[in-house]
Amino acid sequence: MDEQVLAATRRSLHGIAEVLLAGPQYRERGTIRLQVTPGGFGQVAGPLRVQGTELVWDADGAGRAPLRGTCRELGAAAGVEPGPPEGLYTDSSGVGPDEQLVVDPAAAELVADWFETGDHALRNFVPACDPVLWPEHFDLGIQLDEINYGVSAGDPVNTRPYAYVGPWTRRSGPFWNAPFGAMRRYDEVPAGPLATSAVMAFFVEGRKMA
């Protein structure tokens, strides 16, 4: 996967999550939480979701549009006013309502598969958990005993998707290979069905090391 293509797609998907899903949901329902859904991600308190390279806005999937153009144009099609949640956090995707979206199908599939892997790994790691996809950093995570566990689609510093373990109190040692704790890139775990167990094993190791 070309990293520039992946980065451009991730930015656009992050912007959609923030501007079209989390923002409208927050203004209507008071929550910015998103969740992993089949083939992508969506609102927890509404029908809006990303499936593959389409925005879907009703429960039966009849209302949908390809992820191209701008968030303003997609919002008009879906009947929502685009805009991020205001006053809740400082970091953001940086994507405005009128920025042209760039969504490569293969890169979108990689991101969706990684979030699905992370969702399964977190639920296997902590069966009672309910992983949240946060629009601020576009990462899926949980908190347990003052440690953050999750997976990220990547960020400006770590451009490839990765899994992370982030203790609230800094740890030291070879396992802790990132400023926030420990990370394991998606290309450092087996592909396919073994990915979930490998990411869960990383979480288990992180909990032990912490």
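1. Accessible areas here come from the Shrake-Rupley method with a 1.4 Å probe, and for residues only the protein chains shown count as cover. On that basis the protein exposes about 10100 Å², and carbon and sulfur atoms supply 51% of this area. Of the 210 residues, 48% count as buried, where buried means under 20% relative accessible area, exposed over 50%, and partly exposed in between (1.4 Å probe, protein chains only).

2. The model is predicted, so local features need pLDDT of at least 70 and side-chain atom pairs count only at pLDDT 80 or more, whereas totals for chains, interfaces and linings use all residues. Residues are numbered from 1 along each chain as its sequence is written, and side-chain values use heavy atoms, with hydrogens and water left out.

3. The protein has 4 helices and 10 strands, these being DSSP runs (helices H or I, at least four residues; strands E, at least two) numbered from the N terminus. Along the sequence they follow the pattern α-β-β-β-β-β-α-α-β-β-β-β-β-α. The radius of gyration is 17 Å, close to the 17 Å that the globule rule gives for 210 residues, so the protein is as compact as a globular protein of that length. This radius is taken over C-alpha atoms, and the rule is 2.2 Å times the number of residues to the power 0.38. The C-alpha atoms fill a box of roughly 50 × 35 × 30 Å, taken along the principal axes.

4. Contact means heavy atoms within 4.5 Å, and among the contacts with a separation of 6 or more, residues 24 or more positions apart account for 55%.

5. The largest nonpolar core has 51 residues, of which L13, L55, F115, F138 and F203 touch the most other members; such a core is a set of buried Ala, Val, Leu, Ile, Met, Phe, Trp, Tyr and Cys residues joined through side-chain atoms within 4.5 Å. The elements that give two or more residues to this core include α1 (3-29), β1 (34-37) and α4, while α3 gives the most, with 9 residues. Leaving aside neighbours within four places in sequence, F115 is in contact with V36, L133, F138, D139, L140, V151, S152 and A153.

6. A195 is found in helix α4 (residues 194-209) and is buried, with a relative accessible area of 6%. Not counting residues up to four places away in sequence, A195 touches T117 and P190. The C-alpha atoms of A195 and W134, 61 residues apart along the chain, are separated by 22 Å.
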